[in-house]
Amino acid sequence: MTTIWTIDGVREALAAKKVSARELAGEFYKRIEARNPELNAYLTLSRERAYAQADRVDVMVAAGKPLPPLAGVPIAIKDVISTRGIKTTCGSKILEKYVPPYDATAVERLEKAGAVILGKTNCDEFAMGSSNENSAYGPVRNPEATDRVPGGSSGGSAAAVAAGLAVAALGTDTGGSIRQPGAFCGVPAMMGSYGRVSRYGLIAFASSLDRIGPFARNVKDVAKVLQIISGRDPNDSTSTTAPVPDYRAEIEKPVKGLRIGIPKEYFGEGIDEGVRKKMEGGIGLFKKLGCELLDIHMPHTDYAIATYYIIATAEASSNLARYDGVRYGLRVEGDSLLSMYRKTRGAGFGAEVKRRIMLGTYVLSAGYYDAYYLKGQKVRALIAKDFRDAFTKVDAIVTPTSPVPAFRLGERTSDPLQMYLADIYTVTGSLAGVPGISVPCGKICGKLPVGLQIFGPAFGEARVLQLAHAFERAGGADV
Amino acid sequence: MKINREDVLRVAELAYLDLSEAELETYRKQLDDILEYAGKLNELDTTSVEPMAQVLTDDQTADATLREDLVVPCAVADDILEQAPDPEPPYFRVPKIIER
């Protein structure tokens, strides 16, 4: 059986000289070579950069120097996050050959902390999708059940961690794109509060929603990676100066007496019976841990999908206007500047991206702005208020991450609205700007992982991680 | 039906997207379904609700005051032009837009 590496495990093995950082990177590349042809989790491998970084770590080990917190830890990066000198495609044909001239701040911070960047992971095109089937480079397969999707849009990052092809990974979450694939692949996956992690170098989809966050094998490692990438960055004016607590210390605090809200709107029509049963088990576990369970109401939950798909597509139509064949990416020649734009964008974007650009352009266009976009922003305020009201009564909110477990490849591609509706439990927290994690909560028929989602108030990451850690330690993954 | 063929053509024009005949009809139907669904927001009376245009509240924003406007070195022009489909340093070249 292959070793399951964790951040602590890597650290101990390096310090005891049981393995070198170079050997460890080599082991992960061997695993990737064996498994990736089937899973398609990685799009690009960055061997040269990874080994150069591993060698720097090995020099530190040999010199007996204190090791930085992620020394030698092999990490994967979603392909919408810029990496200097390493191709970054966003899962799109329009950026097939794009090589960023700079690193995203999150990547820079990981490397500064000693992490070894193995490569770039597959995702839905421009992070638009819930199944990873919208990648121009083919879908990812779920390592837990290879006839099924890994979830999306960060499907490659989730699959890489679940299959042991990386110790941790970065993904991005706009409406559930970290948490839902985490749930489908059975690994903890977290999005911090809006403003917690710098987005400098994240190729934008919907700027009022996009967030970068970690996947790992356990909550402790999620906490560690989040710790490293969090905090103010002068290059992102939406990153806040709010202090970053020591998450690893915070998660050890007892959870007894914490109040957990269970919103009944998240357990209504459309939830899979298997998911519901596992959730009952998961909630029971919190009770055993001494948490106080309270029924709460979040009355605007049912309006979240419509609100999300108006706001996210409006912002996407604006953000994706930059792909015009002039400065980077694909160009398809035309007989005028405008025809060059139209042909480039028509040929370079895939079906889902075009659909969202069309929808976003429509809701922002003259005569429809008030009816859709402004209305959406108003309802967004009501959804955010649902969360603020709830957090006056409870410390955290527990829900399913997704109403369904991983579905079969191709099963849902024909009807985009049906695909959107499955994001019901994740888009709410995205709109409100609060932090959320998905932690494994058993498997249906011992096979398909279920994710339990924990929301906390804005900048309450420590509380979210603390509950997730206690849940995991109490056997949450096996309920 | 909220969306007709002309609407789709108008939106494609605004978004600079070349669409095939098949795409036009597919998107017409799909946008129609999605907007029909989005109509449920009208069940809510939002007359007295302020739109949420910002996620962060004032006390969470890092830059309550604007940063200083400083000139910093930024020698990336070559790297950037290297990514251009048709560069002519120090310019990006595009099809002719003005007839003399």
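Visitor: How many residues of domain 1 of chain A are in contact with domain 3 of chain A?
Guide: In this predicted model, 20 residues of domain 1 of chain A are in contact with 17 residues of domain 3 of chain A. On the side of domain 1 of chain A that touches domain 3 of chain A, the residues divide into 10 nonpolar, 7 polar and 3 charged.

Visitor: And where do those domains run along chain A?
Guide: Chain A is divided into domain 1, which covers 7–249, domain 2, which is made of 259–301 + 381–478, and domain 3, which covers 306–370. Taken over C-alpha atoms, the centres of domain 1 of chain A and domain 3 of chain A are separated by 28 Å.

Visitor: Changing topic, how many residues of chain B are in contact with chain A?
Guide: There are 41 residues of chain B in contact with 56 residues of chain A. Helix 1 (5–14), helix 2 (21–38) and helix 3 (77–82) of chain B each supply at least two residues of the side of chain B that touches chain A.

Visitor: Which helix of chain B gives the most?
Guide: That is helix 2 of chain B, with 7 residues. By class, the side of chain B that touches chain A has 29 nonpolar, 5 polar and 7 charged residues.

Visitor: Which residues touch the most other members of the largest nonpolar core?
Guide: Those are A:I75 and A:A166, in a core of 168 residues. Helix 10 (residues 304–319) of chain A provides the largest share of this core, 10 residues. Leaving aside residues up to four places away in sequence, A:A166 touches A:F28, A:P74, A:I75, A:A76, A:L118, A:A160 and A:V161.

Visitor: What about A:L170, is that residue buried or exposed?
Guide: A:L170 is buried, because 29 other C-beta atoms lie within 10 Å, and a residue counts as buried at 20 or more. A:L170 is found in strand 4 (residues 168–173) of chain A, and among the residues that A:L170 touches are A:I77, A:A106 and A:I212. The C-alpha atoms of A:L170 and A:V107 are separated by 8.8 Å, although these residues are 63 residues apart along the chain.

Visitor: One more: at what angle do helix 7 and helix 16 of chain A pack?
Guide: Helix 7 (residues 219–229) of chain A and helix 16 (residues 461–473) of chain A pack at about 160 degrees, with their axes 9 Å apart. Helix 7 of chain A is therefore roughly antiparallel to helix 16 of chain A. The residues making the contact include A:V222 and A:L226 of helix 7 of chain A, together with A:L465 and A:A468 of helix 16 of chain A.

Notes
Residues are numbered from 1 along each chain as its sequence is written. Chains are lettered from A and ligands numbered from 1 in the order in which they are written. This is a predicted model: local features need pLDDT of at least 70, side-chain atom pairs count only at pLDDT 80 or more; totals for chains, interfaces and linings use all residues. Two residues are in contact if their C-beta atoms, placed from the backbone, lie within 7 Å. Helices (H or I, at least four residues) and strands (E, at least two) are DSSP runs, numbered from the N terminus. Ala, Val, Leu, Ile, Met, Phe, Trp, Tyr, Cys and Pro count as nonpolar, Asp, Glu, Lys and Arg as charged, and the others, Gly among them, as polar. Domain bounds come from an automatic or database domain assignment. A nonpolar core is a set of buried Ala, Val, Leu, Ile, Met, Phe, Trp, Tyr and Cys residues joined through C-beta atoms within 7 Å. A residue is buried if 20 or more other C-beta atoms lie within 10 Å of its own, exposed if 12 or fewer, and partly exposed in between; C-beta atoms are placed from the backbone. Axes are lines fitted to C-alpha atoms, for helices over the stretch in contact, and angles run from 0 to 180 degrees between N-to-C directions. Angles under 35 degrees count as roughly parallel, over 145 as roughly antiparallel, 65 to 115 as roughly perpendicular and the rest as oblique.
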